[in-house]
Amino acid sequence: MITNTVILIAGLAVYAGYGISVVYLLSIILLSYLAGRLIPRHRFVMWISTALQVSFLVLLRVRHLLPYSSFIAPVGISYFTLQIIAYHADVYLGKYEPEKNIVKFALFVSWLPHIFIGPIEPYEKMRAALEKKQFGGDHFLKGAVRSLWGLFKKLVIAARLGVIVSAISADPERFDGAFALAAMLLYAVQLYADFSGGIDIVLGVSRMFGIRMSENFDAPYFSQSVSEFWRRWHITLGGFLREYVYIPLGGNRKGKLRKFLNTIATFLVSGIWHGGGYLLWGLMHGILVCFGDKCRTKSRICNRIVTFLLVSFLWSFFIWPDTAAVLQMAGSVFTVFNYNTLLAGLGGMGLTAGDWIVLGAACLLLFLYDWKSGVLKTKFCAFSLAAKVGVACLLALTVLVFGMYGIGFSVSEFVYSRF
């Protein structure tokens with residue numbers, strides 16, 4: 001059986017490939033471990049540790065606004081910082097005793113697959129997963145298929161959509177109006193395929209090692225409101241914000257006005273977590289969460305379409321470099337009527353006819369999978385060993401044949417690895 005120590009050393013060796021980042025990671029592991037041990041006897045340590053980590057995270061997020069700043073953000077800092085803050089808060093609240101085994105604590109912080117893009121795993125769940133590792137051929141196959149499905153979404157769908165979105169966003173003066181709208185809608189699918197594909201790889205690789213981790217997505221674009229969307233998208237981040245920001249602020253226990261303010265504050269924190277330029281994005285999501293349910297119709301399809309359009313419009317903050325450009329491009333959707341040139345324009349942006357056919361078929365497959373994921377997972381679990389191997393081979397072949405590969409492809413190319 002592969003021990004936690006071996007897994008930890010192997011993960012740190014890979015992480016060390018990112019250079020100076022590993023120095024910060026090892027330092028924060030040691031300091032956080034010691035702080036956790038001190039918190040039950042010296043409770044003020046929790047506040048000091050949290051303040052320092054939040055301050056450094058915010059500093060990295062807004063460094064582009066500071067003069068003469070050139071800070072290097074350690075890879076994965078957003079994810080392991082939130083996990084450590086949650087761990088210290090839970091120890092402070094007496095939910096569990098601080099971890100005495102530094103290897104287990106280090107593996108919780110630095111478990112390689114999830115350190116880059118999540119999920120943000122609570123300590124008690126990660127500890128239970130590490131203690132209940134189950135190795136075996138069936139677990140390995142299920143993990144391999146999950147990882148290959150993630151690679152399919154990343155390399156077959158997101159990579160192709162990225163070609164179009166990059167071409168449009170690179171020349172906003174030329175590609176506005178209909179092209180801006182197309183970029184928003186296509187980016188919504190690209191981001192989902194990229195981010196959820198990365199999570200599939202994390203969960204799949206973890207499963208291959210016998211470790212079960214939390215799901216991070218639940219078909220978010222089938223949501224009927226923005227509030228439902230946030231229950232289905234980046235689930236573990238939403239859980240963290242609800243548990244450690246929204247509820248401590250008072251949640252919904254102090255009247256409607258306080259609930260509204262707490263919701264807005266929580267989404268502003270989410271905006272800061274994504275970066276200094278996403279405050280308006282967080283504010284608008286907070287407002288839609290507060291009032292979006294009041295605009296729902298009796299038609300589920302209509303609600304889903306409207307929600308998808310709203311979320312897609314707000315993804316524009318991720319596409320263009322600054323708020324002014326976002327507002328300009330969003331406004332052009334309603335003022336520049338060049339929809340008659342859209343199809344011809346998209347056809348000349350780097351994808352061949354074959355690419356469009358593959359992209360269309362792959363997106364349809366993704367849609368059907370999200371629609372019937374529960375049924376498909378149940379049927380797959382009932383397959384024989386030979387059938388599971390066949391599915392894995394088919395997915396691997398599909399990714400190899402239809403995937404788009406860039407020079408120097410690495411985990412840092414996943415969109416959400418930069419947040």
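Where does Ala219 lie? The views below take up that residue and several others in a predicted model.

**View 1. Ala219 sits in the loop between H9 and H10.** The backbone here has a positive phi of about 45°, although Ala219 is not a glycine. Is Ala219 buried or exposed? It is buried, because its relative accessible area is 9% and the cut-off for buried is under 20%.

**View 2. His234 lies in the loop between H10 and H11.** His234 is not a glycine, yet its phi is positive, at about 45°. The relative accessible area of His234 is 0%, so this residue counts as buried.

**View 3. A cis peptide bond joins Gly118 to Pro119.** Its omega is near 5°. Pro119 belongs to the loop between helix H6 (112–115) and H7.

**View 4. The largest pocket holds about 1100 Å³ of space.** Its lining is made up of 38 residues. Nearest the centre of this pocket are Arg231, Gly238, Arg242, Tyr246 and Phe267.

**View 5. Several helices line the largest pocket.** Those giving two or more residues are helix H4 (77–92), helix H7 (123–131), helix H10 (226–232), helix H11 (235–249), helix H12 (256–274) and helix H13 (279–291). Which of the elements gives the largest share of this lining? H11 does, with 11 residues. By class, the lining of the largest pocket has 15 nonpolar residues, 13 charged and 10 polar.

**View 6. The second largest pocket has a volume of about 860 Å³.** How many residues line the second largest pocket? There are 25 in its lining. Val145, Tyr369, Leu376, Lys377 and Phe380 lie nearest the centre.

**View 7. Helices also contribute to the lining of the second largest pocket.** At least two residues each come from helix H8 (137–169), helix H9 (178–208), helix H18 (353–371), helix H19 (373–381) and helix H20 (385–402). H8 supplies the largest share, six residues. The lining of the second largest pocket divides into 16 nonpolar, seven charged and two polar residues.

Notes:
Residues numbered from 1 in each chain as written. Predicted model: local features only at pLDDT ≥ 70, side-chain atom pairs only at ≥ 80, totals over all residues. Heavy atoms only, no water. 1 Å grid on protein atoms, 1.4 Å probe; cavity = no way out; pocket = protein on both sides within 12 Å on 5 of 7 lines; lining within 4 Å. Points joined across faces, edges and corners; volume = space filled by probe spheres on them. Helix = DSSP H or I, 4+ residues; strand = E, 2+ residues; numbered from the N terminus. Nonpolar A, V, L, I, M, F, W, Y, C, P; charged D, E, K, R; others polar. Buried < 20%, exposed > 50% of the residue type's maximum accessible area, 1.4 Å probe, protein only.
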